[in-house]
Amino acid sequence: MFKFARLNLNLRLRRFSTAINRRHIEDEGDWFYSSEWWDSGSSNSRTVFRKVSRSGNGVVSVVAHPCSKPDRSSWARTEKWLEQRYAEICPNIKHGGKLRISGYEWRTLHFNEYTRESTVKILAACREDDPASLYFMQQAHCLAVPYVKSMISAGLATISSCNYDLMKNAIHGNQNMNILCIGHGGGSIPLFLASKIPGAVVHIVEIDPVVISASIQAMGFPAFSVMTPSGKRACTKPNPIDQILWNGTHERILLYNSDAEKFILDSTSVYDIIFIDAYDGEDIFPHKLWEPCSPFIQALTNRLHPDHGTVVVNLHTDVDLVLDKPNQTVFSLLPMGKHVSQVCRSYKDALLINDSSANGVAYTVSVPWVCNTSLVVCRGLGRPEEGSGWSIVLNSLMSKALEVEKLVNMPFSCLQYIKRGFTPVD
């Protein structure tokens, strides 16, 4: 979830920085295109999903907006790829086996009409022999919101700085990279990681079944990912169309409708990296997911890999962090803004200080153009000594960010999300 508007000039400058790169844009999710999906009241926009949540998110809706990229001239290449995939999956279908692109759209998930929870780009396609058929495929490579890029960049650069060989273990698929995402939204983070990292096995925990329905019905998230309470797939086997569109990616994503605390307490899995982005319709990060003595925080310690485990948390703040001045009064119009320092300390203390076997660091980086901060807590990185120690950590992270860009074939620069506002959590 991300927040804008309502504050003073300095905050507006932070959110709508004029330093946007105006070069030729190759990243379809570049912030340059945000004007296409930002205005939900545009005459070109329409609501494609709307339902009342009983899980604290109010009215959950998805709004569709036209997008300019990719333009029609590039559709033929994608249609050819779809045709080849169709022939591989359904070799016995000789006629009518072609999929045609109907178009591309931005889809934005809203809570209570005003809060933009996430934004994705979808491809809409239909069978040539049945124009009324319609299939949505979220464009996994397109990350439209800066905080999502920040979380992924910081997480992958940090775990790669530990004793974790991203290339050997996960990129080549020689070993699973076990990932947990707490909070689903439109599913951008899990889908990006599963599609870019062949060894990634991604578990998702989402408390609201309406959000899950919205992501699948209106935002092109693969339906095969949904799990039952018994731990089995809701669909016993993938739909052929899913196999055509996802090419196995959907088989490495497991989406659970569950309370995060219950999931963590019941789980026996150990995760290499955990992403947490769990805000409700009132823009509140539930206290039980960050209070120091909460069962969730305590159990999270045992779910994180002891040697390189990394946790990345999305935080909302419209003020600078005051980690070194805990008693200072913090003015914030965002509900969670005044609690950010407490959240940072809670995660650091639980995952590092209170665990006698853990070594590691905690830091935050600010996100450009939006009121978000990414908190990273990592085991495996040695805590630096006073003086230039943190500069060495930052230099290592920046170096690994460049490596990750190449290894994962990122459509955007990871580096800019590592060095911006880097602040140790002491």
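These legends describe close-up views of a predicted model.

**View 1**
The strands follow the order 1-2-3-4-5, and their pairing is antiparallel. Strand 1 (46-52) and strand 5 (130-138) stand at the edges. Each has a single partner strand, so one side of each is left without a neighbour in the sheet. From one strand to the next, the twist averages 25 degrees.

**View 1. Strand 1 beside strand 2.**
Strand 2 spans residues 59-66 and pairs with strand 1 in the antiparallel sense. The pairing runs over 6 bridges. Which residue of strand 2 is the bridge partner of Lys-51? The partner is Val-60.

**View 2. Helix 7 across the sheet.**
Helix 7 covers residues 209-218. The helix lies across strand 1, strand 2, strand 3 (99-111) and strand 5. Helix 7 runs at about 155 degrees to strand 1.

**View 3. Helix 10 and its cover.**
Helix 10 is formed by residues 295-303. Phe-296, Ile-297, Ala-299, Leu-300, Thr-301 and Arg-303 are buried here. What covers these buried residues? The cover includes two helices, helix 9 (260-266) and helix 11 (340-353). Strand 6 (177-182), strand 9 (273-276) and strand 12 (372-379) also belong to the cover.

Pro-70 sits in the loop between strand 2 and helix 3. The peptide bond that leads from Lys-69 to Pro-70 is cis, and its omega is near -5 degrees. The side chain of Lys-69 also meets that of Asp-71 in a salt bridge, at 3.8 Å from N to O. Are these two side chains buried or partly exposed? Lys-69 counts as partly exposed, because its relative accessibility is 30%. Asp-71 is partly exposed too, at 33%.

**View 4. Arg-100 and Glu-79, a link between distant parts of the chain.**
The structure holds 13 salt bridges. One of them joins Arg-100 to Glu-79, with the closest N and O atoms 3.5 Å apart. Arg-100 belongs to strand 3, and Glu-79 to helix 3 (residues 75-89). The two residues are 21 residues apart, and the pair links distant parts of the chain. Arg-100 is partly exposed, with a relative accessible area of 27%. Glu-79 has a relative accessible area of 15%, so this residue is buried; the cut-off for buried is under 20%.

**View 5. The salt bridge of Arg-127 and Asp-129.**
Here the closest N and O atoms are 3.4 Å apart. Arg-127 has a relative accessibility of 21% and counts as partly exposed. Asp-129 is partly exposed as well, with a relative accessible area of 49%.

**View 6. Asn-247, with a positive phi.**
Asn-247 is not a glycine, yet its phi is positive, at about 50 degrees. Where is Asn-247 found? Its place is the loop between helix 8 (240-246) and strand 8 (253-257).

**View 7. Trp-369, with a positive phi in a loop.**
Trp-369 lies in the loop between strand 11 (360-366) and strand 12. Its phi is positive, about 75 degrees, although Trp-369 is not a glycine. Is Trp-369 buried or exposed? Trp-369 counts as buried, because its relative accessibility is 11%.

Conventions: Residues numbered from 1 in each chain as written. Predicted model: local features only at pLDDT ≥ 70, side-chain atom pairs only at ≥ 80, totals over all residues. Heavy atoms only, no water. Pairing = 2+ DSSP bridges. Helix = DSSP H or I, 4+ residues; strand = E, 2+ residues; numbered from the N terminus. Axes fitted to C-alpha atoms, helices over the stretch in contact; angles between N-to-C directions. Contact = heavy atoms within 4.5 Å. Buried < 20%, exposed > 50% of the residue type's maximum accessible area, 1.4 Å probe, protein only. Salt bridge = Lys/Arg side-chain N within 4 Å of Asp/Glu carboxyl O.
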